[in-house]
Structure formats: structure tokens, C-alpha cells
There are 4 protein chains.
Amino acid sequence: MTSFDTITPLLEKQAIELPSWAFGNSGTRFKVFTTPGTPRTPEEKIADAAKVHEFTALAPKVALHIPWDLVDDFSALRTYAEDHGVALGTINSNTFQDEDYKFGSLTHSNPVIRQKAIDHHFACIDVMHATGSQDLKIWLADGSNYPGQQDIRGRQDRLADSLQQIYARLGEEQRLVLEYKFFEPAFYHTDVPDWGTSYAQVAQLGDQALVCLDTGHHAPGTNIEFIVAQLLRLGKLGSFDFNSRFYADDDLIVGAADPFQLFRILYEVVRGGGLDDDSPVAFMLDQCHNVEDKIPGQIRSVLNVQEMTARALLVDRDALTTAQEAGDVLGANGILMDAFYTDVRGPLAAWRESRGLPADPFGAYLASGYQQQIAEERVGGTQASWGA
Amino acid sequence: MTSFDTITPLLEKQAIELPSWAFGNSGTRFKVFTTPGTPRTPEEKIADAAKVHEFTALAPKVALHIPWDLVDDFSALRTYAEDHGVALGTINSNTFQDEDYKFGSLTHSNPVIRQKAIDHHFACIDVMHATGSQDLKIWLADGSNYPGQQDIRGRQDRLADSLQQIYARLGEEQRLVLEYKFFEPAFYHTDVPDWGTSYAQVAQLGDQALVCLDTGHHAPGTNIEFIVAQLLRLGKLGSFDFNSRFYADDDLIVGAADPFQLFRILYEVVRGGGLDDDSPVAFMLDQCHNVEDKIPGQIRSVLNVQEMTARALLVDRDALTTAQEAGDVLGANGILMDAFYTDVRGPLAAWRESRGLPADPFGAYLASGYQQQIAEERVGGTQASWGA
Amino acid sequence: MTSFDTITPLLEKQAIELPSWAFGNSGTRFKVFTTPGTPRTPEEKIADAAKVHEFTALAPKVALHIPWDLVDDFSALRTYAEDHGVALGTINSNTFQDEDYKFGSLTHSNPVIRQKAIDHHFACIDVMHATGSQDLKIWLADGSNYPGQQDIRGRQDRLADSLQQIYARLGEEQRLVLEYKFFEPAFYHTDVPDWGTSYAQVAQLGDQALVCLDTGHHAPGTNIEFIVAQLLRLGKLGSFDFNSRFYADDDLIVGAADPFQLFRILYEVVRGGGLDDDSPVAFMLDQCHNVEDKIPGQIRSVLNVQEMTARALLVDRDALTTAQEAGDVLGANGILMDAFYTDVRGPLAAWRESRGLPADPFGAYLASGYQQQIAEERVGGTQASWGA
Amino acid sequence: MTSFDTITPLLEKQAIELPSWAFGNSGTRFKVFTTPGTPRTPEEKIADAAKVHEFTALAPKVALHIPWDLVDDFSALRTYAEDHGVALGTINSNTFQDEDYKFGSLTHSNPVIRQKAIDHHFACIDVMHATGSQDLKIWLADGSNYPGQQDIRGRQDRLADSLQQIYARLGEEQRLVLEYKFFEPAFYHTDVPDWGTSYAQVAQLGDQALVCLDTGHHAPGTNIEFIVAQLLRLGKLGSFDFNSRFYADDDLIVGAADPFQLFRILYEVVRGGGLDDDSPVAFMLDQCHNVEDKIPGQIRSVLNVQEMTARALLVDRDALTTAQEAGDVLGANGILMDAFYTDVRGPLAAWRESRGLPADPFGAYLASGYQQQIAEERVGGTQASWGA
């Protein structure tokens with residue numbers, strides 16, 4: 001197996017972007033539970049995200065969601081973030097919370113509503129110029145609930161046209177990443193339901209358009225690491241939205257539901273060059289902390305990604321290739337499993353300490369008193385949630 | 001095939017209970033869209049439900065949800081309903097919208113919270129006495145999101161104890177029906193996830209405890225009609241919650257996603273005696289009209305059940321038995337399909353007219369002006385939704 | 001709704017290719033049941049397929065599987081088929097029954113085995129020249145059972161190279177269709193698991209390479225009609241392999257498991273121009289008659305496709321568009337359902353008779369005595385199956 | 001976390017029964033690949049199974065499959081096994097490979113065929129008396145492929161009657177375990193599809209009838225550890241058939257597809273008393289080594305179970321209970337994960353050596369030369385497979 005020392009340079013470069021909305025309240029259609037200390041403003045979300053980076057050195061960027069994080073002065077927000085040691089990252093558009101979008105946004109048959117949705121993305125691009133963000137991430141709730149309700153084919157054509165217009169607005173250093181999702185909130189058809197659709201759409205646009213892979217957005221049983229390998233091969237894997245799931249888009253902590261799957265995904269990332277310096281892949285979380293504390297939930301998440309990346313990097317790839325080519329089924333599988341079963345937590349703790357970080361970021365955060373502090377200070381106002 | 005005339009006496013007795021909450025707003029975690037005319041009070045919900053019955057003669061009862069339909073005087077509400085031509089039906093408890101129930105209700109490890117949940121069911125039984133309701137329906141959101149978060153086994157034991165206490169409070173004519181659900185809102189384990197659990201629990205309680213089968217609450221690929229046949233055989237099918245789904249618990253209009261499945265379910269109901277006079281089976285809708293109009297959505301739903309019941313009754317059961325016993329695979333399947341492919345809409349329309357009902361209840365409702373009337377009249381106040 | 005008379009010209013042109021192997025024995029890993037009269041030779045399979053066409057006028061072509069249908073003289077086989085009123089159709093390659101292919105064929109890391117697999121396809125192209133076949137259909141069992149067993153990414157690169165070599169051999173009028181499959185016989189990763197992979201691969205090859213969509217080869221819950229619409233839009237839907245399923249690749253009679261899904265698929269075919277004169281879409285069955293009689297099973301299958309095509313053509317598309325654009329959810333859905341619930345069997349029977357065909361092809365076949373005849377005549381020899 | 005030393009007494013008692021058929025060839029409906037050295041007789045299978053026990057001390061029993069392992073003198077076979085250091089275990093009946101059972105066995109509507117199936121189980125009980133086996137395991141392929149093909153309800157009633165007759169034949173120390181399976185080889189309905197059905201049937205029989213849980217026989221997404229907890233609670237978990245799966249009943253090496261799931265299952269076994277001295281739970285493998293070597297595959301399998309049992313035993317249950325009752329979601333989850341992520345391979349290797357076993361049983365077997373020896377010696381004859 002590869003030695004731990006040889007992998008730390010790669011681990012040192014690892015960066016996982018945090019979603020601002022993970023620090024607000026989220027829940028299910030049945031109930032949104034609240035917690036003391038939940039941020040009320042974009043600034044408080046950024047402050048919380050910065051805490052995750054402070055304890056882990058893994059999360060140097062914070063993604064924003066428009067309009068949830070709408071502020072008057074995005075340059076000021078950028079400065080605020082930088083003062084807290086983080087940068088502003090991906091801008092996420094939102095066309096699913098306006099009555100106008102009940103039957104679609106970029107796919108809508110009504111040209112007025114469709115233009116409104118396009119204009120929203122133009123506005124997001126303006127924000128990106130102010131924040132210095134690289135990526136415009138588009139996830140669409142567009143779809144329908146009943147067969148016949150909408151014209152699947154026509155919507156796909158309109159989607160292509162809308163994306164073309166948005167793409168044309170991108171600055172030279174900016175990118176568009178199109179996220180797909182199997183279902184929800186639409187329950188019959190979704191307009192970008194799978195990687196094939198996202199790929200076919202972005203391939204038409206150009207080099208600055210790529211696919212965003214959310215690990216919770218697939219049909220049951222889907223081999224996600226295959227898609228990772230395929231998109232890397234096609235040069236079109238733009239970003240990850242990490243989370244985990246047992247059933248649908250559960251948005252649980254990444255690695256919580258199936259740690260071995262996360263390992264396999266990260267192994268294909270390594271195998272396909274996704275950690276190389278010139279890799280186009282951006283890593284990000286997209287989770288909902290419905291019942292667990294939010295900041296510790298984010299810390300656990302980035303640590304899970306770090307630990308699994310370490311395991312993936314430990315795979316003895318030469319030995320693996322030899323076993324694969326020899327048709328040694330159990331031998332090859334054993335080489336992979338050897339890395340997976342290796343307990344990297346000790347070496348990672350020691351390495352963290354050597355860098356001036358807490359050996360146990362999760363425990364250190366809990367002991368820091370920050371959670372108690374924000375619970376006491378953040379009184380009054382409206383806690384942030386998906387609605388605001 | 002059986003002649004249409006022979007089945008009308010059974011169709012005439014058909015009754016499908018409506019859920020009061022179907023007339024309020026519902027949606028997804030992403031957005032709840034509103035519609036003009038949505039009820040603001042339990043009375044307005046009942047008035048809307050009564051409209052469905054007026055046009056179809058299929059929906060003589062309205063189920064209530066506590067606390068969503070909490071009123072000071074349930075006797076008065078009962079009179080109000082009767083004045084509108086309907087009766088009050090099943091009482092649905094709710095232990096999923098209180099901060100106390102974040103980690104469970106009837107399964108909670110904290111005896112204070114568990115007692116609170118038990119007491120809520122006692123209160124529901126009190127309501128039943130006032131409303132004349134037969135069934136207390138228990139659906140629990142109880143579960144957990146992460147492995148280890150809760151003690152699966154201990155919760156099951158506590159559930160058994162809680163149900164025992166509630167069961168002991170039932171009046172002689174009252175029943176407890178325990179609904180199971182595969183997942184949501186819990187994303188790792190659910191305390192009553194399948195019919196086996198519901199059956200094992202109610203079998204311990206006694207004859208007045210039965211299983212409620214919600215057609216949207218199963219794992220992908222589950223053969224629901226098998227469960228129907230099995231529960232009828234075991235004498236434990238208490239009630240249906242009808243709806244349909246493509247993915248998860250989509251709560252679409254019954255019959256909309258897979259009409260053939262609805263047919264097969266209703267065929268097993270017929271086969272197993274579920275339409276007989278002494279049948280314990282109560283039929284009910286449980287749906288969310290997220291994007292479609294609510295009253296027309298309920299009308300379409302009860303008509304779908306009626307049409308599929310007619311098809312199921314048309315099956316030539318003698319011929320089917322002969323083909324089955326002869327091992328005539330295609331012949332037996334063909335006899336079933338013959339009934340399914342029969343267009344019963346014409347005969348049903350004629351039969352409705354002969355009973356003084358509109359031939360086309362859906363069209364007649366749209367033409368009645370009621371929708372416009374309530375849109376105009378119901379101004380101000382707070383539209384009913386899952387939250388109230 | 002569209003009138004029946006206006007759709008018969010389109011129905012008249014309908015052609016559904018039959019797979020020769022459907023007339024041989026097939027089964028599961030547990031057991032292959034046999035039936036009297038099962039063909040022992042390619043000629044007998046063709047004779048049986050010709051019977052299906054004789055009674056239905058729907059099945060003018062027979063697809064062959066190499067090596068299962070290997071004969072010394074394919075020109076003679078072609079003449080044999082033509083004498084029986086049918087033509088030879090798609091050539092299906094087979095790289096899954098040779099010990100050499102245990103770990104792959106077109107994806108194999110061993111260049112000798114990979115070349116053997118490529119050469120097999122060259123041989124299939126030679127057959128196509130002799131039989132006059134248009135399509136070379138490639139379905140690969142390639143994949144692996146254990147994580148790490150094989151190099152997913154390298155296999156994809158080798159697949160691209162292999163396909164390139166095969167594509168280069170095609171004659172001007174010939175096409176390559178690449179079929180995808182979710183899983184089986186490989187249980188961890190499959191090299192062409194989804195439409196996205198098939199599309200990405202054939203898009204690299206050129207205009208004569210297209211995707212084959214087998215209706216049983218998707219993850220649970222997949223919206224297949226969406227893929228149909230998308231591939232038609234991209235100009236890459238080459239052919240269908242029709243069958244149906246409740247669970248995995250069950251290979252049941254098309255329309256048997258979910259007739260409404262078949263209707264929706266065929267509606268998108270109509271909507272996307274898949275029945276137009278210049279459409280590239282070839283329609284074919286690919287089924288296993290494990291427990292039912294084979295010839296009647298094929299007759300039932302083509303009739304199912306015909307009946308559902310009729311229903312799809314009956315949809316009032318103008319009214320549907322109007323309702324869709326108005327956001328009339330229930331109205332639009334109702335227009336689609338109106339066509340689905342229409343019983344087209346009577347009009348189709350009358351139309352068949354007007355063309356000199358039996359009104360009830362299924363019954364007419366059973367009454368013809370052919371089944372008894374072949375059961376008596378085909379004694380001795382080895383019944384055809386997947387193995388031969 | 002619990003110390004390793006405290007768990008070795010429990011590990012020492014661990015016994016995992018091996019299936020004789022795992023040493024024969026198996027495959028898919030597409031192809032059965034063969035390997036040199038595959039046993040030709042029940043004796044050779046037992047000899048191979050004994051090797052697994054020799055290197056691991058984990059597999060003291062071999063399960064037999066009737067008629068695959070039919071011999072003239074089972075007492076002699078018992079002696080043969082004992083001479084090789086193993087005992088004969090569970091007797092598995094087989095009613096799925098006879099033409100008579102095409103449409104069912106214990107559920108068949110034809111009383112002659114049903115009696116034949118019952119008689120087969122009587123014969124199995126006779127074998128059990130000769131072999132000293134405790135368990136008669138019944139897995140039925142019974143089901144149907146098309147709606148209407150069979151009478152679901154009637155079959156269930158006949159199943160109950162058949163089981164009653166078989167149960168009545170059991171000796172005092174014998175047990176009947178009824179295995180359920182979601183689907184395959186039947187593709188529409190299966191007569192024992194879920195744990196609920198198996199439980200309801202065995203609960204009617206008596207204390208000597210229990211449920212067999214095969215880890216590969218569930219719907220996608222099913223929480224298997226919940227079923228384990230529930231059946232242990234109900235006192236009805238008789239045995240496990242261990243294997244793993246990504247899709248359907250893939251029959252892969254246990255722990256290979258989702259090691260974390262195996263951990264959770266074994267944790268609930270521990271939690272529910274399944275490892276206690278008086279536990280009724282028998283542990284067994286049921287796998288198909290389609291592409292990997294069989295004896296090493298079985299060694300890897302029992303080691304996977306051993307390693308995961310060790311991890312499950314390491315969970316600090318007191319700390320876990322405290323965190324669970326405090327509603328500390330991340331803390332409780334973290335306690336469980338701490339045990340899962342612990343690398344137990346080193347301590348297990350040392351402990352094995354202390355018992356006179358090879359530290360690395362897998363490597364030791366490969367180095368032993370046995371595989372080469374049987375490959376050379378077992379020439380001629382017919383390799384064992386599911387057919388014989």
C-alpha cells in the first residue's frame with residue numbers, strides 16, 4: 001500500500017466548498033426543526049462556515065444561494081468573507097420558490113416567465129462578478145407531476161435555448177455547471193433527470209459548461225463512480241455536490257449512509273485525474289442538517305471526505321493494475337479493500353497537529369464554546385432557512 | 001366477462017372517505033404553492049369535501065387530522081358536516097409537528113415525551129366519541145436519520161407499550177389502524193416501515209387493531225396487491241390510504257401513475273372479500289394536490305377508484321380460475337386484461353344519470369361555478385395547510 | 001380525440017421485428033423449462049416467426065443472433081425466410097458465452113481477446129451483407145462483480161477504440177446500434193449501463209451509430225419515455241428492444257407489466273417523429289417466454305404494441321398543447337388518459353378484417369392447429385435455447 | 001470503545017455454515033463459467049468446505065442441497081464429513097428444477113403435484129435424521145410471471161396447509177426455517193416475498209418454525225438491520241443466508257457490496273442477543289462464485305463476517321445509549337462509526353496465531369497448494385453445479 005507520507009501533499013491541497021444554506025434551518029415537508037444559534041443573515045452564515053475552515057483547513061470557500069443570500073453590496077460581503085478567512089464561491093440560482101415557476105422556469109412554455117428565469121441567471125452572473133465566483137450552478141426544479149401535464153420534448157428544446165442565452169453571458173473565467181436530479185420536487189418527469197441529459201445539454205454549449213454531480217440525485221442502485229469515471233473521461237465533470245442517502249435525495253452527511261461508496265467515488269476521482277492540478281473538478285457539500293447540529297455536521301462532513309480521500313490515495317495502483325490484468329478477481333478486490341479498511345484517523349490527526357491544526361477538529365470545535373456563544377448572541381430576528 | 005348490470009349493486013355501495021387536508025395547500029420541502037379559494041377553516045374543508053360527494057355520490061365521509069382540524073366543539077362540527085350531507089370519518093393523529101417529537105413520539109426514550117404522545121391519542125379518542133368516528137389512524141414519523149442515532153430495538157418495544165395503552169382506551173365500536181411507511185421524513189430507519197411490522201404490532205393488540213395500507217408507502221417494485229391479499233387473508237386489512245407514485249411517497253392522484261396497479265389491487269380486494277358486506281376494509285384517499293386544483297383532483301380520484309373497481313368486478317372469475325388451474329398462462333392473463341382494457345366510462349356515465357347524478361361529475365363540477373365562488377368569497381384569513 | 005380512421009394509415013406501416021431466440025427455450029439461472037414443438041434450427045425459428053406475421057401483418061422481419069443462428073449459407077437462409085414471407089433483420093452479436101470473455105470482450109485489457117471480440121463483429125458484418133440486414137446490434141455483458149476487479153475507466157477507453165474499428169467496417173447502408181443495460185450478468189459495474197454512456201460512445205462514431213433502447217434495462221423508477229424523447233431530439237434513437245418488467249430485466253411480454261408506461265413511451269415516439277417516414281427508429285421485441293407458449297407470446301406482444309400505438313395516435317394533440325400551455329394540469333392529463341382508456345380492440349379487429357386478416361389473431365392462431373402440428377413433427381434433435 | 005480482549009471469547013464461538021453448492025459452478029442465465037478443480041461429488045464439496053474450516057476455524061458445518069447432494073448413504077457421508085473435521089448442517093429442499101413445478105410446488109393448485117412437493121420435504125426430514133441436521137430450510141421459487149396467471153390468495157392458503165403437514169413431521173430437535181425472497185425466478189408475484197409473509201406463516205406453525213433472512217432478498221433500499229432487530233424481538237429469527245448485492249439477488253461475497261450494511265446488521269444481532277448462548281440464530285453463507293475462485297471466495301466471506309462481528313462487538317454500547325437518550329445525533333453516530341472504522345485486521349491476525357491458526361488464512365490457503373492439487377487431481381467426471 002502507498003505510504004501515508006506520500007499522500008499528504010495532495011491532501012494539503014484539498015478544498016471542499018461549503019453551502020451557506022447548510023447553516024440555516026432545513027427539513028422536510030412535514031416539519032422544519034429549529035436550533036438555537038442559527039444564522040439570521042448571510043454574514044452569520046459565512047461566519048459559521050469560516051469556523052469550519054478554521055478547525056479543519058478544508059473549507060476555504062462558501063457557496064451562495066440567490067435570493068437566499070441576497071445582499072445590497074456583494075463586494076462588501078466578499079470583504080467580510082475574506083476578513084473571516086474564506087472566499088465566496090459558487091453562485092446557486094433559484095427558480096423554484098416563486099409562484100411564477102409553478103410549471104417551470106428555463107423550460108416554461110410562456111416566454112415571459114422563461115425570460116424572467118433567464119434574467120435571474122443574468123443577475124446571478126452579475127453577482128459572480130462582484131464576488132469573484134467562478135461557477136454558476138444551475139439546478140432546476142422544472143418538471144411535471146402527471147403524464148400529459150407538460151410537453152417533455154418541447155421543454156427540452158426550450159431548456160437548450162435558455163441555457164444558450166445564459167452561457168453567452170458568462171465571463172471568460174466563469175463557468176456554468178448544470179446539475180441533474182432523478183426526481184423531486186417534480187414527481188412524474190424532471191427536465192434534467194440524469195447525467196446523460198446534463199451532458200448532452202452542456203456539450204452543446206461549449207467548454208465553459210460542465211456537469212454537476214450531486215451524489216444524492218440518482219436512481220436506486222446507480223453506480224455513481226462509473227458516472228464519475230465517465231464524466232472525467234469526457235472532460236465534463238465540473239463539480240460535486242456531496243451528501244449521502246439511503247432512499248431518495250435525503251441530503252444526509254456525506255459518507256454517512258454508505259462510506260464504501262464514497263471511497264469508490266473518490267478512488268475514481270483519483271484514477272481519472274480529478275485531484276490533478278489542472279483538474280476542472282470543484283468539490284462542494286450540499287446537505288440538510290435536519291436533526292443534527294449544523295456546524296458540527298459540516299465539520300464531520302469535510303472530515304469524512306478527507307478521510308476517504310486519504311484511503312483512496314492509499315490504494316496501491318500498480319499492484320491493482322497487475323491483479324486486474326491478470327484476472328485475479330479476489331486479489332484485485334483485496335487491494336482496494338485493504339486501503340478502505342485502513343484506519344487513517346490516527347495518521348491524519350498527527351498530520352493535522354504538525355500543521356498547527358487540532359488533531360480532532362470535531363472535538364475541538366465542541367470544546368471551543370462557539371456553539372454556546374452563537375446560541376446566546378443570536379437572539380431575535382428570523383432564522384435563515386430555505387425560504388430566506 | 002361479467003355484465004355491467006350485475007356489478008352496479010356493488011358499485012352503489014362504494015364509499016371512499018376524503019381527507020380534509022387534501023383541500024388545504026400542500027407541497028414539497030421546496031415550495032408550497034397556493035390556490036385561490038383554499039379553505040381557511042375545518043368547516044370550509046368539509047364544505048369542499050361535501051361538493052365531491054354531491055357530484056359523485058362516492059364520498060360520504062370526511063377524515064379529520066388533529067390538530068389541523070381542531071375545533072372547540074366537535075359535536076357542532078359533526079352537525080355542520082351532516083347538514084352538508086357528509087359524516088365525519090377517521091381521526092388522524094399527528095405527532096410530527098411539535099419540537100418535542102424531533103426524536104420520536106410513541107417510541108421516544110424520554111417517558112415524558114412518550115406520555116405526551118400517548119395522551120394526544122387519548123385526546124383523539126375523545127374527539128372520536130364526539131364525531132362518531134370509527135377509526136383512529138396512527139401514522140408515525142418516528143425514525144432516525146443516522147445509523148446509531150437511536151436504538152431501533154428499544155424503540156420497537158416502547159412502541160408496543162404505547163400502542164397497548166392507546167388500544168386499551170378504545171371504545172367498543174372503535175378501531176385502531178396502524179399505518180406503515182417505507183421512509184420519510186426519517187431517512188435511515190423508520191419505526192413502522194413495512195406491513196410486517198404493522199401486522200406484528202397490531203396482532204399483539206387484539207381484534208380492534210388493524211393495518212392501514214397506504215399505496216404510496218412501499219419500497220420500489222413492491223407487489224402491493226400481494227400485501228392486500230395477504231392482509232385480507234389474515235383478517236387484518238383495516239383501511240386503505242389511496243394515492244399513487246412514480247418514485248417515493250409522491251401522493252399523486254390515485255390511479256394516475258399506474259392505473260394497472262390500481263386495477264390489480266382492487267381485483268385482490270374483490271377476490272379477498274374486501275367489498276363484502278362484512279368486510280373490515282375502509283377506503284380512503286390520502287393525497288397532496290401540489291400543482292393541480294384540489295376539489296377537481298379529489299373528484300378525479302374517487303372516479304378513478306370507481307372506474308377501476310368496475311373493471312375489477314368485470315373480471316370473469318370462473319373462467320379465470322379454470323385458466324389458472326389449467327396452467328394456461330396467456331389465457332389467464334388475457335382474461336384479466338380483458339376486463340382492464342374494457343372502457344367502463346360510458347356504462348358508468350349512463351348508470352350515474354339513471355341515479356340522478358351528472359354523467360360526467362368532473363365536467364359538471366367545473367361548470368357549476370363553485371370554484372369561482374369560493375375563489376371570490378374566501379378572501380383574507382390564512383389558507384389551511386399541513387401547518388394548520 | 002382523433003378519429004380511428006385517420007390513424008390506420010400509420011398503423012398499416014407499423015413493423016415490429018421478432019427475435020429468433022424468442023422461439024427457442026429460455027429461462028432463469030434456476031431452470032429452463034421446455035415446451036413441445038420448440039424449434040431445433042434457425043429455419044424452424046424463422047418458420048415460427050413467419051406465423052406471427054401471417055396472423056398479424058405486424059412482424060415482417062426476424063432478427064438473428066450469432067452464433068445461435070449460425071448457418072453455413074446465410075444467402076440460403078435469406079431465401080428461406082423470403083419464401084416464408086419475412087425478411088432477415090438485425091444481426092445481434094454475442095460475446096458473452098465464451099470462456100475467453102469471462103472478464104470482458106470489447107473492453108478486455110488483453111489485446112488478443114479484445115481482437116477476437118472485434119473480429120466477431122467483423123464476421124457479423126459479413127453476415128449482414130449476406131442477409132441484407134441493416135443493423136448490427138451490440139449488447140455487451142462486459143462488466144465486473146467486485147469493486148476493484150477491473151479498471152472502469154480503462155475499459156471505457158478500450159470500448160471506444162473497439163467500436164471505432166467495428167464502425168469503420170460498416171457498409172454505407174449499415175448501422176451500428178449500441179444497447180445499454182443497467183446490470184446483469186455483471187453485478188457491480190457494467191460497461192454500457194445507461195443511455196448516457198451509449199449516447200456518448202455512438203456520438204463519437206458518426207451518423208451510422210445510434211442507441212438501442214431496451215425497455216427492461218433501466219434503474220427502478222426511470223422515466224423511460226423521457227429518454228425516448230431525448231434520444232429522438234438528439235437524432236440518436238436507433239432502435240427499441242421491447243419487453244416489460246416488474247423488477248429487473250424480467251423480459252416479460254411488452255405491455256404486460258405496465259401498459260400505461262408502454263402507452264407513454266409510444267406517445268413520445270409519436271410526438272418526436274419516431275413513426276414518421278424518415279424516422280431512424282427500428283422497433284423490435286426482445287423477450288423471454290419462460291413459462292408461456294412462445295408463438296402466442298409473440299403474437300400477444302405485437303398486438304400489445306399495435307393497440308398501444310393506436311391509443312397513442314388517438315391523443316388529441318392540439319387540445320393537449322392548449323391545456324399544457326394553459327397550465328391546466330388535470331385537463332392535460334385527462335386528454336392523455338382519455339386516449340389511454342379508449343378500448344381500441346373493437347376498431348382494430350374490424351380494421352384487420354377489412355384487410356383480410358383475422359379479427360383476433362391470437363385466437364385464430366390457437367385455432368389454426370399449427371402449435372399441435374409442430375409439437376408432433378419436431379421430435380428428436382436439440383431444442384434451441386440461449387446456448388445454441 | 002470496548003477492548004479487543006473482551007470480545008475474543010465471543011469470536012471464538014462464532015460458527016458460519018458453508019453451503020455445499022458454493023463449491024460447485026454457478027452463474028447467470030447467460031453463462032456458467034467453469035474452473036479447474038471444481039468438485040464432482042458431494043464428498044469433494046465437503047472436502048473443500050473442510051479446507052475453509054481448517055484455515056479459519058470459522059466454518060464447522062456444511063449445508064446440503066437435496067437433490068444436488070443426494071447420496072445413497074447419508075450416514076456414510078456424515079462420517080466422511082466428521083473425518084474431515086466438519087459436521088453436516090442445514091438440509092435445503094429443492095422444488096424448482098422439476099418440470100412438474102413449473103407453476104408451483106407447495107402452493108400448486110394440482111393436489112398431485114403439491115403432494116409430490118410435500119413428500120420431497122418428508123424425504124429431506126429423513127435425510128436430516130441420518131445426517132443429524134437441525135434445520136430444514138425451505139426456499140420456494142413459487143410464483144408467477146403475469147398478473148392473473150395464478151390465484152395469489154389461494155396459493156397462500158395452500159402454502160399454509162403444506163407447511164403444516166411438513167411441520168408435523170419434524171422431530172423434536174428439528175426446525176423448519178422459511179426463507180423469503182423479493183423476486184426471481186418469478187417476475188410478477190412470489191409466494192413468500194417478504195419477511196412479513198414468512199413470519200405470518202411460521203407464526204401459525206409453532207415454536208420450531210422460524211424465519212430465514214437472506215441478506216440479498218429484499219427490495220431496493222430496505223433497511224435489513226431493522227428486520228433483524230424485529231425478528232429477534234419476535235423470537236423468530238432462525239437463520240441468516242449471508243451474501244451481498246448491488247442490484248438484485250446478486251449472491252456476491254458477504255460484505256463485498258456494502259460492508260457498512262453488514263456491520264449494522266451484525267450490530268443489531270449483538271444488540272438483540274443473537275450471539276448469546278441461547279440464541280436461535282444460525283449463521284450461514286449462500287453465495288455464487290461466478291467469476292472468482294470458490295474456496296478463496298468462501299474464506300474471504302467467513303473472514304468478512306468475522307471482521308465485522310469484531311467491529312460490532314467493539315461498539316461502546318453504554319456510551320451509545322447515553323448519547324442516544326440525550327438526542328446527541330452526531331455523538332451517537334460517531335460512537336458507532338468509531339467501531340466501524342477501527343481496523344481489526346491486525347488484532348485478529350495476532351489472535352488467530354495465538355490459537356494456532358494462520359494469521360492470514362486467505363494467504364495461507366493460496367500458499368498451501370491445495371488449489372493446484374485439486375485442479376490436477378479432479379480430471380474427468382462432471383463438475384458439480386446447480387443442475388447436479
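**Reading the interfaces and the buried residues**

Modeller: Let me start with one pair of chains, where 53 residues from chain A are in contact with 53 residues from chain C. Please keep in mind that this is a predicted model.

Biologist: What area do chain A and chain C bury between them, and how much of it is on carbon and sulfur atoms?

Modeller: The two chains bury about 4,300 Å² between them, and 59% of that area lies on carbon and sulfur atoms. On the side of chain A, the residues A:Arg153, A:Phe226 and A:Arg233 supply 17% of the area buried against chain C, more than any other three residues.

Biologist: What makes the pair C:Asp151 and A:Arg271 a salt bridge?

Modeller: Their side chains meet with N and O 2.7 Å apart, and because the rule asks for a side-chain nitrogen of Lys or Arg within 4 Å of a carboxyl oxygen of Asp or Glu, the pair qualifies. Between chain A and chain C the count is 4 salt bridges, and there are also 20 residue pairs in polar contact, with both residues at pLDDT 80 or more.

Biologist: Which helix of chain A gives the largest share of the side that touches chain C?

Modeller: That share comes from helix 7 of chain A, with 7 residues. Sorted by class, the side of chain A that touches chain C holds 23 nonpolar, 19 polar and 11 charged residues.

Biologist: How many residues meet where chain B is in contact with chain D?

Modeller: There, 52 residues of chain B are in contact with 52 residues of chain D, and the area buried between these chains is about 4,300 Å², with carbon and sulfur atoms giving 59% of it. In chain B, the residues that lose the most area to chain D are B:Arg153, B:Phe226 and B:Arg233, which together make up 17% of what that side buries.

Biologist: How do you know that D:Arg271 and B:Asp151 form a salt bridge?

Modeller: The side chains of D:Arg271 and B:Asp151 come to 2.7 Å, N to O, a distance that falls within the 4 Å of the rule, and therefore the pair is counted. Across the interface of chain B and chain D the rule finds 4 salt bridges, while 20 residue pairs, both at pLDDT 80 or more, are in polar contact. Among the elements of chain B that each supply at least two residues to the side touching chain D are helix 5 (152–169), strand 7 (189–190) and helix 11 (329–341), although the largest share, 7 residues, comes from helix 7 of chain B.

Biologist: Within chain B, why is B:Glu44 called buried, and why is B:Arg40 called partly exposed?

Modeller: B:Glu44 has a relative accessible area of 15%, and because buried means under 20%, the word applies. B:Arg40 has a relative accessible area of 24%, and since partly exposed covers what lies between buried, under 20%, and exposed, over 50%, that value belongs in between. The side chains of B:Glu44 and B:Arg40 meet in a salt bridge at 2.6 Å, N to O.

Biologist: What is found for D:Glu44 and D:Arg40?

Modeller: D:Glu44 forms a salt bridge with D:Arg40, and their closest N and O atoms are 2.6 Å apart. D:Glu44 counts as buried because its relative accessibility is 15%, whereas D:Arg40, at 24%, counts as partly exposed.

Biologist: Which residues are linked with B:Lys181 in a network of salt bridges?

Modeller: The network links B:Lys181 with A:Arg29, B:Glu184, B:Asp249 and B:Asp251.

Biologist: Finally, why does A:Arg352 count as buried?

Modeller: A:Arg352 has a relative accessibility of 5%, and because the cut-off is under 20%, the residue counts as buried. A:Arg352 has its place in helix 12 (residues 345–354) of chain A, and, leaving aside neighbours within four places in sequence, its contacts include A:Leu303, A:Gln306 and A:Pro361.

How values were computed: Residues are numbered from 1 along each chain as its sequence is written. Chains are lettered from A and ligands numbered from 1 in the order in which they are written. This is a predicted model: local features need pLDDT of at least 70, side-chain atom pairs count only at pLDDT 80 or more; totals for chains, interfaces and linings use all residues. Side-chain values use heavy atoms; hydrogens and water are left out. Contact means heavy atoms within 4.5 Å. Buried area is the accessible area (1.4 Å probe) that two parts lose on being put together, summed over both. A polar contact is a pair of N or O atoms within 3.5 Å; within protein, one must be able to donate a hydrogen and the other to accept it, and residues adjacent in sequence count only if both atoms are side-chain atoms. Helices (H or I, at least four residues) and strands (E, at least two) are DSSP runs, numbered from the N terminus. Buried means under 20% relative accessible area, exposed over 50%, partly exposed in between (1.4 Å probe, protein chains only). Ala, Val, Leu, Ile, Met, Phe, Trp, Tyr, Cys and Pro count as nonpolar, Asp, Glu, Lys and Arg as charged, and the others, Gly among them, as polar.
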